[in-house]
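Hi,

Here is the model I said I would send over. Have a look at it first, then read my notes below.

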Amino acid sequence: MTRLAIKLIHVYRYLLSPWIGNQCRFYPTCSHYSEEALKTYGLGKGGYLTLRRLIKCHPWHPGGLDPVPPRDEKHSNPDTDPNRGELR
């Protein structure tokens, strides 16, 4: 499901974004932020972070630098864990 979500972001970025124009107040752009959040945290938390970011996207928010928060290594995500399936 995470891969499908990332593919949909790519479709948006290459088909719809050129028509809308560069309106993003943040760096990285919302689509790049979303892709990075999904790759880092998976569909659950990455989707949550994306939704939080999109809610902040309005004319009254100053915008600016808003990177994806660094991953807490204590809480492993099975979608992106290289040791998935191995006993620790």
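Here is what I found in it.

A word on the ground rules: this is a predicted model, so to speak of local features I needed pLDDT of at least 70, side-chain atom pairs count only at pLDDT 80 or more, and totals for chains, interfaces and linings use all residues. Residues are numbered from 1 along each chain as its sequence is written, and side-chain values use heavy atoms, with hydrogens and water left out.

The overall layout comes first. You'll see two helices and two strands, in the order α-β-α-β along the sequence. These are DSSP runs numbered from the N terminus, with helices being H or I of at least four residues and strands E of at least two. Of the 88 residues, 27% are buried, where buried means under 20% relative accessible area, exposed over 50%, and partly exposed in between (1.4 Å probe, protein chains only). Among contacts (heavy atoms within 4.5 Å) with a separation of 6 or more, 69% join residues 24 or more positions apart.

A few single residues to look at:

- S34 is found in helix 2 and is buried, at 7% relative accessible area. Beyond its neighbours within four places in sequence, S34 is in contact with I9 and T50.
- P28 is in the loop between strand 1 (26-27) and helix 2. The Y27 to P28 peptide bond is cis, with omega near -5 degrees; most peptide bonds are trans.
- M1 belongs to the segment before helix 1 and is exposed, with a relative accessible area of 71%. M1 and L43 are 42 residues apart in sequence, yet 7.0 Å apart C-alpha to C-alpha.

Cheers
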